[in-house]
Each structure stands twice: as structure tokens, then as C-alpha cells.
Amino acid sequence: MGNSNFTLLFDPLSLFFLAVIFLVFLPALIYSFSYLKGENSSAKIVFAQVLLLAFVLSMALVVSVSNCLAFLIFWEVMSLVSYFLVVFDTKNSRSIQAGLIYIVMTHIGTAFIIAAFMVLHNYARSFDFLAIKSACRIMPQAAKDSVFLLLLIGFGTKAGIVPLHIWLPYAHPQAPSHISAIMSGVMIKTAVYGIIRFVLFILGVTSAWWGVLILILAVITCLVGIIYALMERDIKRLLAYSSVENIGIILLGVGLAIFFAGRNLSYLAVFSLIAGLYHLMNHAIFKGLLFLCAGSVYKATGTRDIEKLGGLIKKMPQTAAYFLLGAMAISALPPLNGFVSEWLTLQAFFLGAFSVIGGSKLFLGICAAMLALTSGLAAACFVKAFGITFLAQPRSHYAENAKEAALSMRVGMFILALLTVIFGLAAAPIIKLLARVSGSALGIDAGNMRFTLNNFTLAPQTANNVYLSTPALALGLITFGIAGFVLYKIFDRGNPVIYKTWDCGYYKLDSRNEYTATAFSKPFRIAFSFFLLPYRKTQKIRESFYHVKSFTYETHTTKVFKKYIYDPALAMVFKAAKSMRRMQPGSIHLYLGYIFITLLLLLVFMGRF
Amino acid sequence: MMIMLQIILFIITAPLLSGLVAKIKNNLRMRKGQSIFQPYFNLAKLLSKDEVVSETASWIFRVAPFVVISSTLAAAMFIPVFIFAGPAQQIGDFFAVVFIFALGRFFLALAALDTGSSFGGMGSSREMFISSLAEPALCMVIFALSLQFGSTNVAAFSGMHAIPVSSLVAALALFLIAIAETSRIPVDNQETHLELTMTHEAMVLEYSGRSLAFIEIASYIKQMVFFFLIAQIIFPIALPAGGPAQIILWVLWYLSRIFILVVIVALIEVSVAKMRLFRVPDFLGFALVLGVIAVVCAILGAVCRT
């Protein structure tokens, strides 16, 4: 182990991830100045800012070191610092619980990563990335397969691949909102970095089934994430579940790259990785934006339950506008950034289908169809999130007394909102940059591959006449919108009459007549009941046998993974711990005996080396 | 210039489709029925009416009609009616069309929630439900077409070509999707205002006057886009060289293709009852299965050719 020197490696892949980190960090930092004020003491604010800086620095180092040991150290620093940020609100017992789940899950993941590194070290006799990369050429296939699986589980835990996503909806909402933005926007992406760096760059894809496995997991992750998000009424948990979904979409791109790299289709591999990286960056931007907006709402109203909100568009017009942009981007609506990356991912599937044969074509098609279903459900989810939170009348006093966010918070949100537009319109130049990143990660020269027609038009399939030009599309939309407005003015008949909403002739509607988030998601709850397993709790509170005083009705969904995987596993751990306790009866003689036996065993064991 | 003209023709004839369906339905039921130009009269009436806006509504409600009309027109821009390689084909493909429609739908669903009435919320929830389930089937259809014709560009399957089996199956799947997307029986009913059954109509319940006219025009155009795409797939067009006589011929061929579909739609509407909302997933699941079959046909077709 002579070469444990902590050198940094700034290749295009590292630079790309550094760019993503700072793209979200700067707005989040500006946002935090006002956000942290108020409830916290000044000492705690300083502590929070120091933690934030340490968090970002550790992430920056994770993506730029060139040595497995250094990677692990900074990976661990990142996990620990983010743990402290999750439990920042120490008065809240939910934070402590969320932190515990987070720290346990993240360490299970780290254990798998360490195991993978140990296998790699066994062959390379070094922890240096490049040394391992060259050693991987002569590594046996079985070892490669096992390293791949270990890395997938290890990084998958951090990324939130279903069924390892369990910590994400607990931990992300509990942190302060600008930290949630960084955790959801950036931290889980370091796991994607890990997959790209270690699987694509170092290990090199040599098995065809790797890509298939990742694609299947990614599709499941997408669907499970968005279905849970649709059911959620806590706005930050909704966003956390939607992060699970988006990690799925990113992994579709990365998985496709692995799929094609395993089949030696280099152009397609580069293109798919571009799609994945583009979505990664876009998700960092719009999820960061949405978390910041959710934080503003939380700060202004004191609740995260969207059933208690409503009508905020009049109280907080700017926050509402930024949230709307974020919601549009995440629902893949043109001409914003989410649309471009989702379109690219779909094109990667379609383009790939021309080059593979038989059943693989159908497999890619079905994956693409599931991606389309995901994007449809995401649109529904964010109609719900925006509509119930910001539109119609306030549903409680929390929402009635809301005020617009402070200046620095608005600036933070504005920067990210602007980026959603820029990354939508400037797609072609960005793709050119990403082509270089993608090529270098795959070890393929992407210099002579063309993905664009000119500076405004994407052309992944120039030969097939498939183009996308978001600036032209935006121009068209605006032109037609203006034309519509002019037409509207031509037929002008004076200002519209302002009158109350149609109430079927009874009496004035109030906020209790509004549709709720739970009602909005009811059709989905029924359609996906085979997975969500919804159940109700009803209770009649009686004054006497004849008179029911009040009636409570609750509807819940079963968290399948928690109930059928994690709870039994936890029960087993406790059971094992209980039986282990018999070893510790409290007799000092027995303990001395343990020490003696251990010593003997060690001596025997050491003698064999 | 020709491209603009064809789009304008396309848009102008869009309301006719609904008028024709209503007329045929009425005649089949032994009624005289309204004029086939009734949709135009309705639009003219709406354009000259006063508008009422709910006091609960925000700017979303006011802006939504413009977003809906502009997104629908933008989608129509991609439809090659007679000329196949327009500049619009350089802007986007079939997927762009799908996502642009999603933009209009997104705003309409928000506007429905904006007035605070439960009808709006109900419509919005159902619309997003149906459209999100239609999405995978639509993706499969596009996938089958793209495998068959080598491109997701709308112009790719618009020209003269033989009609492969996969295209026929895909067109059938697209037909089912079109029924769901354009709120026709058996998924939704454009004619009813019964609160328990309506979807699209519930969303636009609070709209009136010019805003309602815009939304109605947009839904006519959307309907036209879907039915025209189906016509394009199953009745491919031969392009004679230019000249005034040819233009008339094109227009006639265009109208007659649409007319065939209109008759089919009307026949379905009079013979089927509207289904429950929770049967719609089965309906769209069937469309998805048809889409998968179309893909399999396209793959097998490619295998047989080589």
C-alpha cells in the first residue's frame, strides 16, 4: 500500500460533477441567509453554515479524488456531515428517527463499497484509480461481476434505488430546506458518480446483463418513486419521493450507456450517457428549486401538509411562480430543461432499438413506455403539488397569514428558476459539452460524433431526420400565445365580470368544498391498489347508541417495502441480538476467559501467515 | 407559404369533425339533428359573449386558455397535411407533439383547481389520471411506428408507403388513445354536463366567453391532430405534382379520409355506453397491449425482410 497519496483528478467527469455541485450550492447558500434566521440562535446558524461548507467541500472532494481510500474517507465525511444536518432540528423527535434510519442505511451501503474496493485491491494491489483501471483488463469475469453487484448495492443505497430507497423520504424532508435541496439535488448524485466512475470508467463493461439489470431496477425505481410521491401530502416528502423517481430516470440513461457499452455500440453508449448526465444536472436544478420553494412555504406557513395550504399564489406570488417553473420542468414540459433530458432519454431508447436485435428491441420499448408512464404520473403529481398548495382558497389559518419569502430566499430561487429556462433553451451547446464528458467517462473518442445540427437544434439521428429545437419551439409557443392574446383583444367586450364560483345555487362555497390532495390522488390509489394496498380506519364516537357525535375516517397506504422487507429484517436483527445477549451474563471470570480464548486464536491465526 | 395555408386549412376544418360526428349520431338515432356547422356557430357565439371569472381564481386561470391554444397550435404545426418536409420537422418530432399537448393539459388542470370548486378538482384529477395512463400506450405506438419507418419524425410515416400490419395495429391502438385523449365515448362524453361522469367538461366548467371559445377551439384542433395522424397511418397519401386541380384533389382526399374516421367514431358513440372511470385503466391497458403487438409485428416484419 505504498501509493496512498491523495492526489486530485480533474478529468471532464469530475469537472462536470463539480459544476453540478456548485450550481446548486451557490443559490442554496444565498437562500440560507434568510432561511436560517428567526427560529435559530446565532451560534446555531454559524454551526449550520460551517456544516454546509464542510458538506459541500466533502462532496467536491468525493468527485475529484483519484484514490479509493481517499474516496472512502470523503464519502464517509459527506455521510456524517449530512447526518448532522438531518438532525439539525434537535428538538424534533422525527429528526432523530430520520437521522438514525439514514445513518444505518448509508453505512450498509458503505460496507458494500468497501467490500468492492477490497476485491479490486486484491487484484490491483493499489488503491489508485488508474492502477485499478489497468488491472481490470486482466481481472476474471466472475470477480468483475461480483464487484459490479457490490458497487450497485453500495451506491444504490446512497442513490435511493428501490428497494434501498427507504431512508430517503425520512431524511431529506427533515433537514433544513436548503440542505434538502443539496441532498436531493446533489448528494444522491455522488452515488451516480460512483457508478459511472467505477463501473463505466474503471471496471469497463464486459457483461451484457449489467445494463439489463440496471435498466430493470431503474424502471422499478421510477414507478415506485412517482406512485409514492402521488400519494404523499407532506410537500417535502413528496419531493423526496420524486427524487427517487428522478434517480430512476437518470439511471435509465446510465443503464442504457452500460447496456450499449456491453454490446460495443459506442455512439449509442455516449449518447445515452449524455441523456443521463443531462437529466442529472437538470434534476439538480429543478429539484433544488422545488425544495427551496417548499422551504419558503414552510417558513411562511409553519406546515408542510399541503391539505392545510392553498391560495398561496396570492400571498406569495413570486414563490408560486418559481414553484410553477420547477413543477413544469420536472413534468417534462417544453421548452424547459426537464423536457430536453426526458426527450433525449426516450430517443436513446428508440435509437438503440434500431441497433439491437429481436427481444432486446421489445425490452427497450417497454422500458421507454414505462418512462412515458412515469412522466405522465409526474405531471399528475405536480399538478397536485402546485394546485393544492398554491391555488384556490386557503384551507387553514396557516395559509391565510402567509407572507412572501425574504429577499435572499427569493434571489436563491430566482437563480435556479432562471437555470431551468436556460438549460432548456441552450440544449445544443450543453450537449456538445456533455459529449466530451460522456466520451471521456466511457473511454471513447466522442470528437467526431455529432449530436447537434447547429447551435439551436439537437439531432441525435441526423440520418433519420429526428430533430429537436427548444428555442424554435419556445418561439413558436410564444408567437401563438401572442396571436391568441391579440385575437382575444380583437373580440374585447370589456373587462370580465368577477363573480363567485358556481355553487349549484346553494350558498357561498368555502375552502371545505375544494378538492383535496387525497381526493386528487384517489383514482391513482385505486388503479395502483395492487401495489399500494390502501386501507381505511373509521371510528364512530357515540354519545349514545342512537346518536353518533362524530365520525373519523382515515385512509392509508401500506408501505410495502417497509412492511415486507425492512420490518422482518429488523425483527431478525433484534432476535439475533437477544440470543447474543446470553454471552454477557455479568461474570468477570467468563469475560477473562473470552479474552484468553481470543488471544489464543489470534496467536494461532497469525502463525499461519 | 403553402405550409401555412395547409395548417390554416387544417385548423379551420377542425370543428367540422365534431359537427359531423354529432350529425351522424343524430341521424342514426332517427333525429334530424343540428347543422354540421353548429360548432362554428357556438364558437362565434362564445366569442361575442361576456366573460365571468371566479373571484377565487388567480392569474393561472386567466393565462391557461392562451397556453392551451398556443400549445395546441404549436402541436398542429408539426402535422404535415400535404407537404411532408416542412421546417417544423426540424423543430421537433412525434414526442415533441406529445409533450406539447401535455403543456396545455397541465395548465388546464391547474386552472380547473384554481376556482376552488369541487367539479374542477374532480375533472382535473380524472384528466391527469386518464392522460397519464394513456402515455405508455402512446409511447408504444410511436415506438412501433419508429421501428417500422426508421424515425420518430411525424413526416416519416406520412408519405406514400405500403401499409404494414404493425401500422394497422398501431393505428388501432392510437385510435383508442385518441378516444381517451379527446374525451369521447366510452371514456368521457363531450355532450354531458352530469357531474359524476364528466372529465374534460368538468375542468372547463368555470370558463365562459372568449376563454371558453379558445379552449373549445383547442380541443377541436387536438381531436383533428389525433384523427389526422391515424388517417395518415392507415390511408397513406400519394402526392401528385402541384397545380390548382391537384390542390382541390388533395383537399378532397384529405376530407374523405377524415370522413371515414368520423363515421367510425359516430358508430362507436351510438353503440357503446360510457364506461366507469375505473374501467378506463383496462381500456388503456388494452391499447398498451395493442401497442406491444404492433412493436412485435414491426420486429417480426424486419426479421422476415432480411
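This is a predicted model: local features need pLDDT of at least 70, side-chain atom pairs count only at pLDDT 80 or more; totals for chains, interfaces and linings use all residues.
What share of the 609 residues of chain A count as buried?

1. To take the opening question directly, 54% of the residues of chain A count as buried. The chain holds 24 helices and five strands. Among its contacts with a separation of 6 or more, 79% are between residues 24 or more positions apart.

2. On overall dimensions, the C-alpha trace of chain A spans about 95 × 75 × 50 Å along its principal axes. Its radius of gyration is 26 Å, which agrees with the value near 25 Å that a compact globule of 609 residues would have.

3. Because 27 other C-beta atoms lie within 10 Å, Val86(A) is buried; the cut-off for that is 20 or more. Beyond its neighbours within four places in sequence, Val86(A) contacts Ser95(A), Ala98(A), Gly99(A) and Tyr102(A), and also Ala171(A), Gln174(A) and Ala175(A). For a sense of distance, the C-alpha atom of Val86(A) is separated by 23 Å from that of Gly248(A), 162 residues apart along the chain.

4. Now to the interface: 71 residues of chain B are in contact with 68 residues of chain A. On the chain B side, the elements giving two or more residues are strand 1 (52-54), helix 3 (59-77), helix 4, helix 5, helix 8 (209-234) and helix 10 (280-305). Helix 5 of chain B provides the largest share, 18 residues. By class, this side has 39 nonpolar, 23 polar and nine charged residues.

5. The two chains also share strand pairing. Strand 3 (residues 497-499) of chain A and strand 1 of chain B run parallel and are joined by three bridges. Within this pair, Val497(A) stands opposite Val52(B).

6. Finally, do have a look at two helices of chain B. The axes of helix 4 (residues 94-114) and helix 5 (residues 118-149) come within 9 Å and cross at roughly 170°. Angles over 145 degrees count as roughly antiparallel, and the two helices are therefore roughly antiparallel to each other. Residues of helix 4 in this contact include Phe94(B), Phe95(B), Val98(B) and Arg105(B), while those of helix 5 include Gly120(B), Gly121(B), Glu127(B) and Met128(B). The residues of this helix contact divide into nine nonpolar, five polar and two charged.

Notes
Residues are numbered from 1 along each chain as its sequence is written. Chains are lettered from A and ligands numbered from 1 in the order in which they are written. Axes are lines fitted to C-alpha atoms, for helices over the stretch in contact, and angles run from 0 to 180 degrees between N-to-C directions. Helices (H or I, at least four residues) and strands (E, at least two) are DSSP runs, numbered from the N terminus. Angles under 35 degrees count as roughly parallel, over 145 as roughly antiparallel, 65 to 115 as roughly perpendicular and the rest as oblique. Two residues are in contact if their C-beta atoms, placed from the backbone, lie within 7 Å. Ala, Val, Leu, Ile, Met, Phe, Trp, Tyr, Cys and Pro count as nonpolar, Asp, Glu, Lys and Arg as charged, and the others, Gly among them, as polar. The radius of gyration is taken over C-alpha atoms; the globule rule is 2.2 Å times the number of residues to the power 0.38. A residue is buried if 20 or more other C-beta atoms lie within 10 Å of its own, exposed if 12 or fewer, and partly exposed in between; C-beta atoms are placed from the backbone. Two strands pair if DSSP finds at least two bridges between them.
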